[in-house]
Amino acid sequence: MASHVVEFKNVSKTYNFGRHDAFTAVRDVNFAVEDIPDEGEFIAILGPSGCGKSTILRMIAGLQPQHPCTTGEVLVDGKPVTGPGRDRGMVFQDYTSFDNRTVLDNVAFGLECQGIDRETRYAQAREWIERVGLNVDADSGKYPHELSGGMRQRVAIARSLILRPRIILMDEPFGALDPHTRMQMQDLLVELWREVQATVFFVTHSIEESVYLGDRVFILSRSPGTLLHQIAVEPPNRPALQMQREPAFQETVFQIRDILEELESPQSSATH
Ligand SMILES: Nc1ncnc2c1ncn2[C@@H]1O[C@H](COP(=O)(O)OP(=O)(O)O)[C@@H](O)[C@H]1O
Ligand SMILES: [Mg+2]
């Protein structure tokens, strides 16, 4: 039987379990992402602030203290997650490169950790610098403080994808970018994702971004978060600027906006 790339079975997470300040961040989360050969699914995750989106991502990544879950099972390739692994790469909103390393050494970092020789890792790093739309000659020797926000996220994406993870975990990666740069980054991500054929979990506050990038959009409830809706959406097979103007696209965005507004309204908290 083919296993799932990622599966959550009744997953709950209570921080500080058993202590007076115990706090349940997510409860009874269930979903499965099929393992389709040579293809990856793009899962966009939406939900009110504090509902446990980052908690879910970090449980998949195997990062403490989100890992381990308190009850249920977090499975990757059918096996319980026991910690971080090379099969999973993460990209955060905040810039996560090393200040004292150049772009080239930042992108090559993961390969360096694997003990890959200098020549090989630099050759691959140069390739990835190009792929994410930076200029090898002009940008390789720059330090993070010499880059714009968009360029930094390009480096962050290159750093992660150079390791060819099967699962890419992205936590509001474009949240700090201006709208124009953000759309460029969305198109870049679609292009790279097709190439690397990974499964992506992408947390965002932007409904447009989730509907554009996602194959499926997950909507979580207010805290403690549980998975309320899984909405299949059209894949991003044309440029962001074009697709996001189309009536069918806008219609899906409005539907999801209604669901989220209902979740965030004071009334919904009174009945909570
Ligand atoms: N290490 C932690 N210890 C205790 N509570 C935490 C911890 N990390 C997150 N939380 C709480 O769990 C809830 C969900 O957090 P998070 O997953 O970061 O939400 P989101 O990413 O959806 O905004 C929040 O109320 C947050 O304060
Ligand atoms: Mg978060």
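Gln197 counts as partly exposed because 13 C-beta neighbours lie inside 10 Å; a residue is termed buried if 20 or more other C-beta atoms lie within 10 Å of its own, exposed if 12 or fewer, and partly exposed in between, with C-beta atoms placed from the backbone. The model is predicted: local features need pLDDT of at least 70, side-chain atom pairs count only at pLDDT 80 or more, and totals for chains, interfaces and linings use all residues. Residues are numbered from 1 along each chain as its sequence is written, while chains are lettered from A and ligands numbered from 1 in the order in which they are written.

Gln197 is located in the loop between helix H7 (179-196) and strand E8 (199-203); helices (H or I, at least four residues) and strands (E, at least two) are DSSP runs, numbered from the N terminus. Its phi is near 50°, a positive value in a residue other than glycine. Most residues other than glycine have a negative phi, and most peptide bonds are trans. A positive phi, near 55°, is also found in Asn16, again a residue other than glycine. Asn16 belongs to the loop between strand E1 (4-15) and E2, and counts as exposed because 10 C-beta neighbours lie inside 10 Å.

Around ligand 1 there are 13 residues, of which the closest are Tyr15, Ala25, Lys53, Ser54 and Thr55; a residue is assigned to this shell if its C-beta atom, placed from the backbone, lies within 6 Å of the ligand. Two or more residues of the shell are given by each of strand E2 (23-34) and helix H1 (53-61). H1 provides the largest share, three residues. By residue class, the shell comprises five nonpolar, seven polar and one charged, where Ala, Val, Leu, Ile, Met, Phe, Trp, Tyr, Cys and Pro count as nonpolar, Asp, Glu, Lys and Arg as charged, and the others, Gly among them, as polar.

H1 is itself mostly covered, with seven of its nine residues buried. These buried residues are Lys53, Thr55, Ile56, Leu57, Met59, Ile60 and Ala61. Just after H1, Gly62 adopts a positive phi of about 80°.

Cis peptide bonds occur at two prolines described here. The bond from Gln64 to Pro65 is cis, with omega near 0°, and Pro65 is placed in the loop between H1 and strand E4 (71-76). The bond from Ser223 to Pro224 is likewise cis, with omega near -10°; Pro224 is placed in the loop between strand E9 (216-220) and strand E10 (227-232).
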